[in-house]
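Please read these notes with the model open beside you.

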Amino acid sequence: MKKIFILSLIGAFVFASCKKDKDQDENPITGGTAPVSEYTLVKSDTTANDLVVELFAKTTTIEIGYTKLYVKVKDFSGTAVENAAVTFMPMMDMGSMQHSSPLEQPAFNASSKLYEGMVVFTMHSGQGDWTLTVNVNGDDVVFPVNVLDSKAGTKYVGSYSGTNGEKYVITLVKPFNWTVGMNDVSIMVHKKATMTSFPAVDNLTVVMDPQMTSMGHGSPNNLSPTSIGNGYYKGKVNYTMTGDWRLNFDLIEAGSTIVSAAYIDILF
Amino acid sequence: MRSLINSNEMKKSLLFLTLILGNSFVFSQDDTLTASQNYKEIVIQGQKKQNKDNASSQLQESTDKLLSTTPGITLIKRGNFALEPTIRGLSAGQINTTIDGMQMFGACTDRMDPISSYIEPTNLEKIQLSTTPDENQTGSAIGGGINFALMKAQLDAPNKFSGKLGAGYQTNANNIQTLGTFQYSTKRWALLVNGIYRKADNYHAANRQEVLFSQFEKWNAGANLMIALNEKNRISLDYIQDEGYDIGYPALTMDVGFAKAYISALTHTYESKTKVLRGIETKVFFNFIDHAMDDTKRPAELVPMHMDMPGTSRTFGMFSKARLLLGPKHLMTLQVNAFQNDLHAEMTMYPDVGSEMFMLTVPDGQRRTIGLTVADKWMVNTKVKLSYGGRIDYNLSDITTEIGTQTLTSFYNGEAFQTRVTGNVFAQATYKLSHHAEMFGGASYGQRAPSLQELYGFYLFNRVDNYDYLGNPDILNEESINGNLGLSMKYEKFAISVEVFANSFKNYITGLVLPSYSNMTIGADGVKQFDNISSALLTGGELTLKWNPIVKLTLQSVNSYTYGIDEDGGYLPYIPPFKSVNTVVYNLKGYKFRAEHVGAFAQNNVNTERYGEGTTPAFNLLNLAVQKHFQLKNTKAIHAEVGVENIFDTPYYEHLDVMKIQRQGVNFVIRTTFVF
């Protein structure tokens with residue numbers, strides 16, 4: 001009797017193990033091992049040289065601001081292509097003018113089998129039409145992208161004119177999971193060199209001052225973000241309560257304030 | 001022969017001991033001078049030595065009023081309700097406030113609900129005040145404490161069914177109250193139930209000036225079931241429910257929507273008259289406070305932002321206290337107690353523009369304490385009596401929720417969890433100079449762990465100095481060395497008791513300004529953090545006089561004074577000036593005429609810059625009352641009282657009154673109690 005019990009226990013264990021193995025099978029969508037639910041297919045198209053290009057995001061909709069985008073390149077047999085040259089070129093068509101936005105060109109991630117890049121959507125689709133041109137081995141695929149505005153009361157990206165005549169884009173880095181108390185906070189700073197070139201800026205001193213605008217108070221013990229390279233600045237923000245917080249930023253270059261009263265609005 | 005002497009001596013000592021235990025620690029307002037040292041009692045419905053008119057009139061008073069006329073106690077007033085007691089300049093975490101030995105902690109972050117607000121005289125047998133640590137202490141506070149002893153059902157009472165019904169009305173605030181206590185008593189068990197309902201509108205200061213938002217309404221019901229298991233063992237079950245609604249706090253920016261307390265206890269007592277082990281009292285208890293502030297009744301222009309501020313406080317615990325008679329001269333008390341208190345206070349703010357905001361103001365703090373008290377009363381000889389002992393406490397403090405822990409990261413980098421060991425030692429001696437006079441004095445050294453608010457408080461607004469307060473987990477224990485010396489004399493017609501004290505603090509806890517912090521409360525002046533200052537000194541004393549020049553006339557005077565300075569020699573806050581309560585009672589054909597003068601000197605010893613306190617002018621009031629006790633058939637009686645308080649409609653406020661809100665002007669009082 002005891003033996004039967006032990007046997008059935010072992011059986012159950014083996015069965016459970018098998019099931020687990022199955023979960024770890026290659027993901028049918030991404031071709032990688034990451035779970036399906038992590039990525040959402042935005043658009044799919046085919047290039048002139050017969051490669052299937054799929055664009056993924058982490059969310060079902062794309063929101064203004066810092067947006068990680070993922071590209072899957074497959075041949076017609078469905079095999080992931082691992083050594084393609086993939087570049088992004090986002091473009092905002094406002095009718096009277098066109099401009100691009102800050103971005104990080106995609107790089108291949110061997111575990112997810114995706115080319116991972118980032119685009120800062122500086123406007124939402126209500127202000128014009130976004131397209132994302134994905135160039136794979138010299139062939140362009142153009143995806144129209146619908147960018148939603150962030151929820152009311154938030155502002156995740158802003159453009160500011162510097163006293164030095166340059167234009168700067170300040171972007172809040174996602175993802176974030178705000179809680180009351182101390183939080184890690186990262187921003188990116190880009191300069192608008194031309195309408196289609198937004199290089200990252202690393203040599204700035206950032207002064208951050210969070211304010212609860214509806215009550216007129218700030219919070220103590222914040223750590224203003226400092227440069228960690230590639231346009232990223234990392235610091236700590238202290239939210240003493242939930243609600244609407246405005247993160248005010250001053251950008252200082254070589255001792256002189258070039259941008260003041262820049263801000264990011266968050267709500268949680 | 002030798003043994004015979006011994007046994008004689010022993011009998012004498014026992015008798016002496018019984019006398020002391022039975023009588024000498026009793027303090028009541030009519031009997032001030034029975035050798036009270038650092039332990040005083042205000043008897044409300046005591047079974048022993050019951051003075052019927054007294055019991056009936058005390059029952060009708062508010063707990064606040066009873067406390068305010070006790071030497072050494074001064075009340076912090078924020079409204080016409082829930083005044084907070086201070087003892088000799090010490091308050092809150094510095095003193096132990098307990099109900100029948102049970103710990104209970106107010107839930108309100110603005111100190112709106114001292115636990116004295118959750119009990120009524122109908123619940124109480126007596127209020128016990130100690131000004132130094134003693135054998136009854138259940139926490140290692142540094143400034144003595146107040147215990148509200150609950151009224152117990154009396155077994156084998158003369159009447160199987162007895163009780164009191166009372167009603168009172170005060171004109172000033174249109175204040176009504178009705179109360180009742182009922183007791184059913186048999187040899188084996190007895191049940192006592194009591195209830196009170198009180199309601200008041202806004203009161204009027206002098207010149208009929210209405211003090212807006214000073215109304216209140218509350219009811220309180222209590223029950224005690226006493227069961228005698230046998231000669232020596234008893235079980236007692238207590239339950240009190242107290243609910244207040246729509247309570248105004250004119251001195252604060254918000255009122256209270258409701259304040260509810262649920263207090264329960266199960267007690268086992270063992271008594272023996274012969275063995276070494278004289279008695280053991282063991283109690284397990286649970287209490288819960290649910291408190292919600294409310295600003296919706298205030299005019300919109302005075303409310304910069306609507307807020308909800310609910311809070312809860314949950315305490316459970318136990319104590320077990322044994323009394324051992326070790327030989328003829330030593331009565332030892334051993335007490336072990338443990339409790340856990342959980343505090344939660346939150347705030348949701350609703351701005352006109354923008355999203356609602358939420359924060360914890362006491363971020364789910366938890367305090368667990370286990371302590372041991374050992375004390376001995378030693379009858380050295382017929383002249384000298386010594387009482388000495390000590391206590392050790394082990395405190396664990398923590399934050400119990402993730403959002404609470406997250407909140408703490410706003411101002412503190414370390415772990416929330418911490419342990420502290422605190423303790424105290426004390427010794428008090430009484431020396432009988434003659435049949436009429438005795439001297440008493442003593443010394444104690446005490447420490448206390450900071451309260452949960454002082455550790456973890458998060459932007460707690462203090463209306464007195466207009467600062468937001470932050471907790472400080474690194475704060476050091478507060479320490480004090482206390483000395484007291486007194487003399488009491490009692491003659492047939494005259495009695496006097498005088499006592500002086502000095503209390504020297506190390507690491508006194510107060511708020512220190514954090515200059516770079518911005519206040520959260522709209523309109524506040526900044527942020528302070530609880531912190532230690534190196535030293536502080538409190539000194540003062542009390543003088544009580546009683547004189548019966550003729551049988552029908554009694555004159556009594558109760559005087560208290562406290563003086564407090566900090567490490568810079570600046571004046572400490574919440575220190576009352578000299579206060580005097582003088583009464584003349586004249587008995588004429590069963591009518592008791594009573595005139596009471598209440599007065600205080602001006603308090604100019606303030607440090608406005610550091611603590612935000614202003615000065616307070618002197619005041620003098622006169623109260624008059626007539627009482628009559630009508631004896632009816634059997635044991636039935638009616639007690640009636642009419643009086644006028646503040647007869648000259650003097651405008652005044654006391655120094656500890658927050659925001660200097662004027663106190664009540666002229667007030668007519670009528671009360672009757674039917675005793676059966």
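1. In chain A, the lowest confidence falls in helix α1 (residues 2-23) of chain A, with a mean of 45, and the highest in strand β18 (residues 232-239) of chain A, at 97. The score is pLDDT, the predictor's confidence in each residue, from 0 to 100. Helices (H or I, at least four residues) and strands (E, at least two) are DSSP runs, numbered from the N terminus. Residues 7-36 of chain A have a pLDDT below 50, and this stretch makes 25 contacts in the model beyond near neighbours in sequence. Two residues are in contact if their C-beta atoms, placed from the backbone, lie within 7 Å. Where pLDDT is low, the predicted coordinates should not be read in detail.

2. This is a predicted model, in which local features need pLDDT of at least 70 and side-chain atom pairs count only at pLDDT 80 or more, while totals for chains, interfaces and linings use all residues. Residues are numbered from 1 along each chain as its sequence is written, and chains are lettered from A and ligands numbered from 1 in the order in which they are written.

3. For chain A the average pLDDT is 87, and 86% of the residues score at least 70. Its secondary structure consists of 1 helix and 20 strands.

4. Chain A is divided into domain 1 (36-148) and domain 2 (157-267), with bounds that come from an automatic or database domain assignment. Taken over C-alpha atoms, the centres of domain 1 and domain 2 of chain A are 26 Å apart. Contact between them involves 10 residues of domain 1 of chain A and 12 residues of domain 2 of chain A. On the domain 1 side, β4 (65-74) and β6 (98-99) of chain A each supply at least two residues.

5. Between the chains, 24 residues of chain B are in contact with 22 residues of chain A. On the chain B side, α4(B) gives the most, with 4 residues.

6. Strand β5 (residues 86-93) of chain A pairs with β6(A) over 2 bridges. A:D93 has A:Q98 in β6(A) as its bridge partner.

How values were computed
Pairing = 2+ DSSP bridges.
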